[in-house]
Amino acid sequence: MEYTINIKGCLMDLSTPQVMGILNVTPDSFYSGSRKQTEMEIAQRANQIIEEGGSIIDVGAFSTRPGADEVSEEEEGRRLKFALDIVRREQPDAAVSVDTYRPTLARKCIEEWGADIINDVSEGGITGITNVPLEQRQEEYPEMFRVVGELKVPYILMSVQPTLETMMKGFAKEVQQLRDLGAKDIILDPGFGFGKNLIQNYQIYNEMEKLNVMELPVLVGISRKSMIYKLLGGDATTSLNGTSVLDTIALMKGASILRVHDVKEAAEAIKIVEAMKEGRT
């Protein structure tokens, strides 16, 4: 299906899938190759993402790996502001997403620090990095949803549900909540590796095309994750081939955005799949 998202008044066409490159300003992200902390490292990574075929730079300032330490809101904010200032200087025309589950920081990133998209790994506040509740959600709408509705920015809604059935039920409710609050551009992320064991990850992957019934773009982020090396052996550093295989399958099942560490390889996968679909050589 053909989709567009509004990035500060300009439409990004998702009829050809896009690559989101990961830029982690953390000391402890699960894949060491993604960790960038100095001004030079951040600038080089931002430029590399665009040069290798990425169109979205995803900036994260806390690690979501299992066992990671919680990062204070103050520290996360310091890291995000530092990185976003550099990314905007180096790539003023790129689309920039911010990977955070904290509504206050998401607002600052959009209103003050130059981000365009909110990428929320908590499904609106259901869970944090350790799969524990962030809030009781006694109000009708999660606070993050209110922020998205007010700012009218693209929002990546990631599921922490363990099965496709519970995921789609959750998405249906949450998308309606977001629409009720005025949200415009919603992107669904199945959340591979979040709240799911190895078997559940692959079960959802097998049926992922069913998400297309929701008529919203789907983002897939499986880059170098443990679902690859727990199956094949090795670790994150040896999981590029498995990543490319799963990225290709995701494209065949209708993914509109690939969130990756290895931008060049993902862009190549898109080019190959698009050529196959159109019968070109």
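This is a predicted model: local features need pLDDT of at least 70, side-chain atom pairs count only at pLDDT 80 or more; totals for chains, interfaces and linings use all residues.
Local features were considered at pLDDT of at least 70 and side-chain atom pairs at pLDDT 80 or more, while totals for chains, interfaces and linings use all residues. Residues are numbered from 1 along each chain as its sequence is written, and side-chain values use heavy atoms, without hydrogens or water.

The chain has 9 helices and 10 strands. These elements are DSSP runs numbered from the N terminus (helices: H or I, at least four residues; strands: E, at least two). Of the 281 residues in the chain, 55% are buried. Buried denotes under 20% relative accessible area, exposed over 50%, and partly exposed the range in between (1.4 Å probe, protein chains only). The chain exposes about 12,400 Å². Carbon and sulfur atoms supply 50% of that area. Areas were computed by the Shrake-Rupley method with a 1.4 Å probe; for residues, only the protein chains shown count as cover. Contacts are heavy atoms within 4.5 Å. Among contacts between residues at least 6 apart in sequence, 69% join residues at least 24 apart.

An open sheet is formed by 8 strands, in the order β8-β7-β6-β5-β4-β3-β10-β9. The pairing is parallel. Two strands count as paired if DSSP finds at least two bridges between them. β8 (186–189) and β9 (219–220) are the edge strands, each pairing on one side only. Strand β4 (residues 56–60) is joined to strand β5 (residues 95–99) by 5 bridges. Asp-58 has Ser-97 in β5 as its bridge partner.

Helix α1 (residues 39–51) lies across β3 (18–24), β4 and β10 (257–260). Helix α1 runs at about 170° to β3. Axes are lines fitted to C-alpha atoms, for helices over the stretch in contact, with angles from 0 to 180 degrees between N-to-C directions. The axes of α1 and helix α2 (residues 73–90) come within 9 Å and cross at roughly 50°. The two helices are therefore oblique to each other. The contact involves Glu-39, Ile-42, Ala-43, Ala-46 and Asn-47 of α1. From α2 it involves Phe-82, Ala-83, Ile-86, Val-87, Arg-89 and Glu-90.

Most residues other than glycine have a negative phi. Lys-8 has a positive phi, near 50°. Lys-8 sits in the loop between β1 (4–7) and β2 (10–13). Its relative accessibility is 58%, so Lys-8 counts as exposed. Glu-215 also has a positive phi, near 55°. Glu-215 is located in the loop between α6 (198–206) and β9. Glu-215 is exposed, at a relative accessible area of 52%.

Technical notes: Angles under 35 degrees count as roughly parallel, over 145 as roughly antiparallel, 65 to 115 as roughly perpendicular and the rest as oblique.
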